[in-house]
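Good morning. Please have a look at the sequence and the model, and then I will go through some side-chain contacts.

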Amino acid sequence: MTSGVSVSASCRLQMDYEAKIFPQSGGYGRYNRVVVVFSWFPTFAVMLNLFSDVFYTLIPSMYRCKPDPEQLPSSFLLSNYSKQDYLNLTLSWANGSGLSPCELWYNANISDLSGEVPQKTASCTTGWEYSTVVGLQSNFVTEWNLVCDDYWKIPLHRICFMVGWIVGYVFLGSLCDWLGRRRGFLLSITLSSLFGVAVCLSSSAVVFLLLRLCQGAFLAGVFVSSYILRLELSDPSHRLMVAMTGTFFGVSAELLLPGFAVLSRDWPILQAVATLPLLLLLSYWCCASVFPESPRWLLATDHILQAKRSLQEFTTRNGVCFREEMYPGEALLS
C-alpha cells in the first residue's frame, strides 16, 4: 500500500513538473540548451576510451618465435644460410600452414636443408616477433606477449572491462539517484581520469586488466549521469533530438580514434590521448553553471530550498519574467 502511494505521488510530481514548473522556468530555453551542449562532451570522452579497447587487444596478423641462438649448435651459427633458410631450420612448421607461431625447433646436427634431419620442438624461449598492429606499434598483446599459452588473457580482459562497464551502470546509476546528477558525475569523472592515467603506467598485464576494469565502471558513471541530466533538462518533444545528438558525439569519437592511434603509435600514448578529454572535463568542478544539479532531482528528493534556488537561476538565465514569489518554498510540493 505504501509503495502504491509512493508511485502515485511520484507520477503526480512528474506531471506537475512537466505541466507547471518546467514551463515557468523557461522550458527548453537558452540556458537549458547550453547545459545540454556541455552534457554532450562527456559522451565523446567516454566513447573515446571505450572504443580504444579495440586497439589495445588487437592481435597482430602475423607473429612468430624469435630464434634462440643458444638452442642451436655452433656449426649452425657459423654456416652461411640465408634469412629464410635460417627461419626454416629454427622455427617449427604447423601442419601445412607455414611456420608455427608458438614453437621453434633445433637440430643436433645440421648438414643440409632437406628437412630429413631429426628435429626437436620447444616453446618460444626468447619471445616473439610481431607484425605491426593496425594503427599502433605496440599494444596490450605485444607488450606482454599474450599469445599462444597466454592468449586466454585477451578475452578475459574484454570480459572484465565490460563487466566493469555493466557494474558501473547499476551502482553508479543508483548513486546518481542518491547523491544527485552533478555529484555523481564529478565523482565518476574524477576517478575515471585517475584510473586512465594509472593505465598508462601499468607494469603488468594483470595491473592493466584491473585498472581498465575500474576505469570502465566509472566511465559508465560519467555516461549515465550526463545522459540523465540532458533528458531532465529537456521537454518531451526535444528529448529524442538531444539523445541522438549525444550519440553522434560518440560516433565522432569512434571515427577519430583510428587517426589518434596512427599518430600515437604506442598504446600508452593512445591511452594518454583518450584520457585527456576526461581531464579537461574536470573543469566542470569549478564551472557549476555548465553542469548544474537537476531541478527535477532536487524536487523528487525533497531538497525544497535548493530546488527553489535552482529554478530561479534557470528562470533568470532563460530570460523569463522573474518574480520571487513565483516559487514559494512551502508550496512547491502541495
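One term first: buried means under 20% relative accessible area, exposed means over 50%, and partly exposed is in between. Arginine 181 has 7% relative accessibility, so arginine 181 counts as buried. Keep in mind that this is a predicted model.

Let me stay with the charged side chains. How many salt bridges does the structure hold? There are four. One of them joins arginine 181 to aspartate 177, at 2.7 Å from N to O. Aspartate 177 is partly exposed, because its relative accessible area is 45%.

Another salt bridge is between aspartate 53 and arginine 212, with the closest N and O atoms 3.4 Å apart. Aspartate 53 is in helix H2, residues 30–56, and arginine 212 is in helix H8, so the pair ties together parts that are 159 residues apart in sequence. Are aspartate 53 and arginine 212 buried or exposed? Both are buried.

Now compare glutamate 313 and arginine 317. Their salt bridge has its closest N and O atoms 3.0 Å apart. Both residues sit in helix H12, residues 304–317, and they are four residues apart, about one turn of the helix. Glutamate 313 is partly exposed, at 31% relative accessibility, and arginine 317 is partly exposed too, at 38%. Arginine 317 also lies over the face of tyrosine 31, at 5.0 Å from the ring centre.

That brings us to rings. A pair of aromatic rings is described by the distance of the centres and the angle of the planes. The count here is 20 aromatic pairs. Take tryptophan 165 and phenylalanine 223: the ring centres are 6.3 Å apart and the planes are at 45 degrees, so this pair is tilted. Tryptophan 165 lies in helix H6 and phenylalanine 223 in helix H8, residues 205–232, so the pair ties together parts 58 residues apart in sequence. Both of these residues are buried. Elsewhere, Phe38, Trp40, Phe41, Phe185, Phe249, Tyr284 and Phe291 form one aromatic cluster.

Last, the surface. Phenylalanine 171 is in helix H6, residues 153–179, and counts as exposed because its relative accessibility is 59%. Phe171 is part of a nonpolar surface patch with Ile159, Val163, Ile166, Val167, Tyr169 and Val170, and together they have about 640 Å² of accessible area. An unreviewed UniProt entry places the feature "transmembrane region" at several spans, including residues 154–172.

Technical notes
Residues are numbered from 1 along each chain as its sequence is written. This is a predicted model: local features need pLDDT of at least 70, side-chain atom pairs count only at pLDDT 80 or more; totals for chains, interfaces and linings use all residues. Side-chain values use heavy atoms; hydrogens and water are left out. Patches are made of residues with over 30% relative accessible area and no salt bridge: like charges are joined within 9 Å, nonpolar side chains (Val, Leu, Ile, Met, Phe, Trp, Tyr) within 5 Å. Accessible areas come from the Shrake-Rupley method with a 1.4 Å probe; for residues, only the protein chains shown count as cover. Helices (H or I, at least four residues) and strands (E, at least two) are DSSP runs, numbered from the N terminus. Buried means under 20% relative accessible area, exposed over 50%, partly exposed in between (1.4 Å probe, protein chains only). UniProt positions are given in the numbering used here, feature names are shortened, and annotations may be inferred rather than shown by experiment. Rings of Phe, Tyr and Trp (its six-membered ring) pair if their centres lie within 6.5 Å; planes under 30 degrees apart count as stacked, over 60 as edge-to-face and the rest as tilted. A charge sits over a ring if NZ of Lys or CZ of Arg is within 6 Å of the ring centre and within 35 degrees of the ring normal.
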